[in-house]
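These are my notebook entries on one structure. I set down in turn what I looked up and what I found.

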Amino acid sequence: MFEQAFNDEDVAESDLVTRRGTFRAVAFRADGHEHMALVYGKTKLRENVLVRIHSECMTGDIFAAMRCECGEQLDAALNTIVREGSGILVYLRGHEGRGIGLVAKVRTHVLQDQGLDTLDSATSLGLPVDVRDYTPAARVLKHLRVQSVRLMSNNPDKIAALEDNGIPVTARVPLLMAPNTHNIAYLTAKRDRLGHDLPQVDSFTLPHAR
Ligand SMILES: Nc1nc2c(ncn2[C@@H]2O[C@H](COP(=O)(O)OP(=O)(O)OP(=O)(O)O)[C@@H](O)[C@H]2O)c(=O)[nH]1
Ligand SMILES: [Zn+2]
């Protein structure tokens with residue numbers, strides 16, 4: 001029998017008309033946070049559903065900051081889902097700054113402006129590099145009765161995290177954004193020190209070197 005992923009009081013859904021089209025907005029509570037899954041088209045009981053699991057980044061997602069590529073990835077993922085005709089974007093709260101929170105992330109930005117990279121700026125403050133928990137994403141995908149997913153991500157760890165939580169990942173779909181002068185160091189550190197698959201970093205040249 002299908003196991004219920006959430007108590008009724010912890011989940012609510014409605015249609016959500018957006019500039020891109022009409023999604024089903026599924027709000028849910030898990031691990032002390034309120035998250036959202038945006039469902040487009042038919043995904044229930046489907047295999048190979050196109051999925052983006054997006055970690056909250058207020059600076060990038062809302063204010064279009066160029067320190068990271070989060071905002072562009074959010075736009076690109078939603079555009080790709082609509083273009084393909086179906087898919088799900090899971091927006092995870094509590095993931096800000098890879099789990100250290102907004103105030104701490106902004107503190108790391110100060111250190112990054114002084115030359116530390118995205119990892120050392122956290123550890124030099126005594127903070128972990130990545131403490132994100134993906135179980136809320138796996139739970140909502142089970143709630144939505146998704147059978148297997150194609151995951152839009154450049155981070156191999158996300159695939160392992162989903163599979164460890166019982167969601168089969170049939171493919172990883174790269175979500176590569178063009179680097180800019182403000183995020184090239186950040187992307188390079190993610191590639192070299194966190195193992196993210198970011199081949200576009202190699203082809204970037206600083207504007208003054210052109
Ligand atoms: N601690 C810290 N977190 C950051 C920084 N820049 C962005 N973030 C957070 O990093 C998270 C996104 O993680 P990333 O490592 O960029 O990428 P990812 O989600 O693991 O991988 P993709 O699926 O490929 O996007 C968001 O929650 C951001 O708030 C930073 O300089 N320091
Ligand atoms: Zn970001």
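**Entry 1: Burial and overall form**

I began with burial and found that 31% of the 210 residues of the protein chain count as buried. A residue is buried if 20 or more other C-beta atoms lie within 10 Å of its own, exposed if 12 or fewer, and partly exposed in between, with C-beta atoms placed from the backbone.

I noted next that this is a predicted model, in which local features need pLDDT of at least 70 and side-chain atom pairs count only at pLDDT 80 or more, while totals for chains, interfaces and linings use all residues. Residues are numbered from 1 along each chain as its sequence is written, and chains are lettered from A and ligands numbered from 1 in the order in which they are written.

I looked up the confidence, where pLDDT is the predictor's confidence in each residue, from 0 to 100. The protein chain has a mean pLDDT of 96, and 97% of its residues reach 70 or more. For the model I recorded ipTM 0.98 and pTM 0.96.

I then counted the elements and found seven helices and seven strands in the protein chain. Helices (H or I, at least four residues) and strands (E, at least two) are DSSP runs, numbered from the N terminus. Along the sequence their pattern is β-β-β-β-α-α-β-α-α-α-β-α-β-α.

I checked the dimensions: along the principal axes, the C-alpha atoms of the protein chain fill a box of roughly 55 × 35 × 30 Å. The radius of gyration of the protein chain is 17 Å, which agrees with the value near 17 Å for a compact globule of 210 residues. That radius is taken over C-alpha atoms, and the globule rule is 2.2 Å times the number of residues to the power 0.38.

**Entry 2: The nonpolar core**

Which residues have the most contacts inside the largest nonpolar core? I found Val51, Ile88, Val90 and Ala137, in a core of 31 residues. Such a core is a set of buried Ala, Val, Leu, Ile, Met, Phe, Trp, Tyr and Cys residues joined through C-beta atoms within 7 Å. The elements that give two or more residues to this core are strands S2 (21-30), S3 (33-40), S4 (49-55), S5 (87-92) and S6 (149-152), together with H2 and helix H5 (135-143).

Leaving aside neighbours within four places in sequence, alanine 137 is in contact with Ile53, Val90, Leu92 and Leu162. Two residues are in contact if their C-beta atoms, placed from the backbone, lie within 7 Å.

For H5, I listed the buried residues as Pro136, Ala137, Ala138, Arg139, Val140 and Leu141. The cover over these buried residues includes S2, S3, S4, S5, S6 and helix H6 (156-164).

Is isoleucine 81 buried or exposed? Isoleucine 81 lies in helix H2 and is buried, because 26 other C-beta atoms lie within 10 Å. Not counting residues up to four places away in sequence, isoleucine 81 touches Tyr40, Leu50, Gly87 and Leu89. Isoleucine 81 and valine 51 are 30 residues apart in sequence, and their C-alpha atoms are 8.0 Å apart in space.

Asparagine 79 also has its place in helix H2, yet asparagine 79 counts as exposed, with 11 C-beta neighbours inside 10 Å.

I turned to alanine 5, in the segment before strand S1 (11-18). Alanine 5 is partly exposed, with 18 other C-beta atoms within 10 Å. Alanine 5 and lysine 142 are 137 residues apart in sequence, and 6.7 Å apart in space from C-alpha to C-alpha. Leaving out residues up to four places away in sequence, alanine 5 touches Arg139, Val140, Lys142 and His143.

**Entry 3: The ligand**

How many residues surround ligand 1? I recorded 23, the closest being Ser55, Cys57, Ser153, Asn154 and Asn155; a residue is near a molecule if its C-beta atom, placed from the backbone, lies within 6 Å of it. Helix H2 (70-84) and helix H3 (102-113) are the elements that give two or more residues to this shell. H3 gives the most, with three residues.

By class, the shell divides into six nonpolar, eleven polar and six charged residues. Here Ala, Val, Leu, Ile, Met, Phe, Trp, Tyr, Cys and Pro count as nonpolar, Asp, Glu, Lys and Arg as charged, and the others, Gly among them, as polar.
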